[in-house]
Amino acid sequence: IIFYLDATGCHGLIAAPSDQSTGTVWWNGSFFATNAVRDGIGAGEFNTERIIANQATGGYAAQICANYQSGNYGDWYLPSKYELNLMRQNIGQGNALGLGNVGGIANTNYWSSTEYDTTNAWVQNFNLDIQDFNFKSYFFYVRAVRAF
């Protein structure tokens, strides 16, 4: 589901058609900085790589997105804080395009790939339209994205 197009109209971001998890953690059992602090368009891909490089293999948010395969693509990643907000505005509850919640996004918290500090990372609350940080050990939803 396309939720962002750049000025050329040729490149943008796509959200997976469904959630990859309805409850997983951000971390892999260790509280330490991964330096996954980028935010903006495309930042989620960099952050996802940083998280996995620092947290190793496991069943956490970034790894789940990186392992996701759909539409013959394997380059999915955990979106940045900014990318998640665009998703809410354009295909989620924000309904900026007038299409309704075409993404089927739940009224709950979704993990972003943007780290806040050693013990916390940013989440997007799709119900209240707020972003806040939470402990990396909390269980939240995950929706993968990819660039095209």
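1. What share of the contacts in the chain with a separation of 6 or more comes from residues 24 or more positions apart? The share is 63%. Keep in mind that this is a predicted model.

2. Next, the secondary structure. The chain holds three helices and eight strands. Follow the sequence and the order is β-β-β-α-α-α-β-β-β-β-β.

3. Now the overall dimensions. The C-alpha trace spans about 40 × 30 × 25 Å along its principal axes. The radius of gyration of the chain is 14 Å. A compact globule of 148 residues would have a value near 15 Å, so the chain agrees with that expectation.

4. On burial and surface: 45% of the 148 residues count as buried. The chain exposes about 6,600 Å².

5. On charge: the chain carries 7 positive and 11 negative side chains. The centres of these two sets lie 1 Å apart.

6. Finally, the cysteines. A disulfide is a covalent bond between the sulfur atoms of two cysteines. This structure holds zero disulfides. Where do Cys10 and Cys65 stand, buried or exposed? Cys10 has a relative accessible area of 51%, so Cys10 is exposed, the cut-off for exposed being over 50%. Cys65 has 0% relative accessibility and therefore counts as buried, since buried means under 20%.

Conventions. Residues are numbered from 1 along each chain as its sequence is written. This is a predicted model: local features need pLDDT of at least 70, side-chain atom pairs count only at pLDDT 80 or more; totals for chains, interfaces and linings use all residues. Side-chain values use heavy atoms; hydrogens and water are left out. A disulfide is a pair of cysteine sulfur atoms within 2.5 Å. Buried means under 20% relative accessible area, exposed over 50%, partly exposed in between (1.4 Å probe, protein chains only). Helices (H or I, at least four residues) and strands (E, at least two) are DSSP runs, numbered from the N terminus. The radius of gyration is taken over C-alpha atoms; the globule rule is 2.2 Å times the number of residues to the power 0.38. Contact means heavy atoms within 4.5 Å. Accessible areas come from the Shrake-Rupley method with a 1.4 Å probe; for residues, only the protein chains shown count as cover. Lys and Arg count as positive and Asp and Glu as negative; His and the chain ends are not counted. The place of a charge is taken as NZ of Lys, CZ of Arg, CG of Asp or CD of Glu.
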